[in-house]
Amino acid sequence: MENTVKITAAEVNKLRKATGAGMMDCKKALVEAEGDFDKAIEVLRKKGQKVAAKRADRESSEGAAVAKINADNTKGVSIVLGCETDFVGKNENFLKLASDLGDIALNHSNKEGFLAADFGGMTVAEKLVEQTGVIGEKLDINAFEVLEAAYVGSYVHINKIAALVGLTAKVDNVEVLAKDLAMQIASMGATTLSYKDFDPAFVASETEARIAVIEKDNIELGRLGKTLKNVPQYISMSQITDDVLAKAEEAAKAELKAEGKPEQIWDRILPGKMDRFISDNTTLDKEQCLLDQNFIKDEKMTVAKYVDTYGDVAVTAFKRVALG
């Protein structure tokens, strides 16, 4: 017998607002559920499960990065809601879903608890499955990071990168400091706070690899008659001991003597030469260590020096999430 249940526009609109599904999908679900609102939601959820199963092996490398901070700026969370295409990632409803998920995530300390949390009568994990059916693309939480400190700040770069930074104190203009640091983290991609955090074995391996690359490049540059690249002895301040600095200073003095520079002016020249030696031999630190990087708003100072301008405050930790 043909289904004769009449579905009103108001019922369709109510289901659409509750689920985000399209008008026709909502109408079909209500018809299948014979007008029962809760059953219609279950119909859409099952559709989502089928779509999710079919798209399980798809890449969800597009999407939106979100950062949320609590009212007293002592806790922050950053997540990435992943989808398959840039088109969906820019959709207003998708961005609202990402923001709503961020609000829920702020109340949890790990991804597992977050996925099990309530989202309008279903878990977050179930909501992702439901919205997979609505949107037609695989949705996933690709990143989840939490940070707690005396003060936590954040920065989000065009919904593609979200950064959190923790500070030891709420100093004057802390909002400016935190935002500047979070922008630095987002744009320069540091992986650790300081060179002091590096594992010596990692530094040794990285040094060997980088020198090998430069030496290979120099073979080609030499063949073309071009200027060869400088081959560094070291790549991190963690390798530069007092003995290394003493030898570098002696080498600089020998160079000045060979150039015929009067000894009485060496004190004015040596600091610059030593700064150059350190700069040339700490490339790993500048790439990966937040405090050792040049500050993006004033490259004449390091991030550590910039933080010092705010007085008695230090960076405790940072988190960075990004699409891809």
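1. Over residues 79-214 the chain is 48% helix and 24% strand, with the end C-alpha atoms 37 Å apart. Helices (H or I, at least four residues) and strands (E, at least two) are DSSP runs, numbered from the N terminus. This is a predicted model: local features need pLDDT of at least 70, side-chain atom pairs count only at pLDDT 80 or more, and totals for chains, interfaces and linings use all residues. Residues are numbered from 1 along each chain as its sequence is written, and side-chain values use heavy atoms, leaving out hydrogens and water.

2. Residues 232-324 are 47% helix and 16% strand. The end C-alpha atoms of this span lie 32 Å apart.

3. The protein has 13 helices and 10 strands. Its radius of gyration (over C-alpha atoms) is 28 Å, well over the 20 Å that the globule rule (2.2 Å times the number of residues to the power 0.38) gives for 324 residues, so the protein is more spread out than a compact globule.

4. The C-alpha trace spans about 105 × 55 × 30 Å along its principal axes.

5. Of the 324 residues, 40% count as buried, meaning under 20% relative accessible area with a 1.4 Å probe, protein chains only.

6. Among contacts (heavy atoms within 4.5 Å) with a separation of 6 or more, 64% are between residues 24 or more positions apart.

7. The protein has 43 positive side chains (Lys and Arg) and 52 negative ones (Asp and Glu), with His and the chain ends not counted. The centres of the two sets lie 6 Å apart, each charge being placed at NZ of Lys, CZ of Arg, CG of Asp or CD of Glu.

Conventions
Buried < 20%, exposed > 50% of the residue type's maximum accessible area, 1.4 Å probe, protein only.
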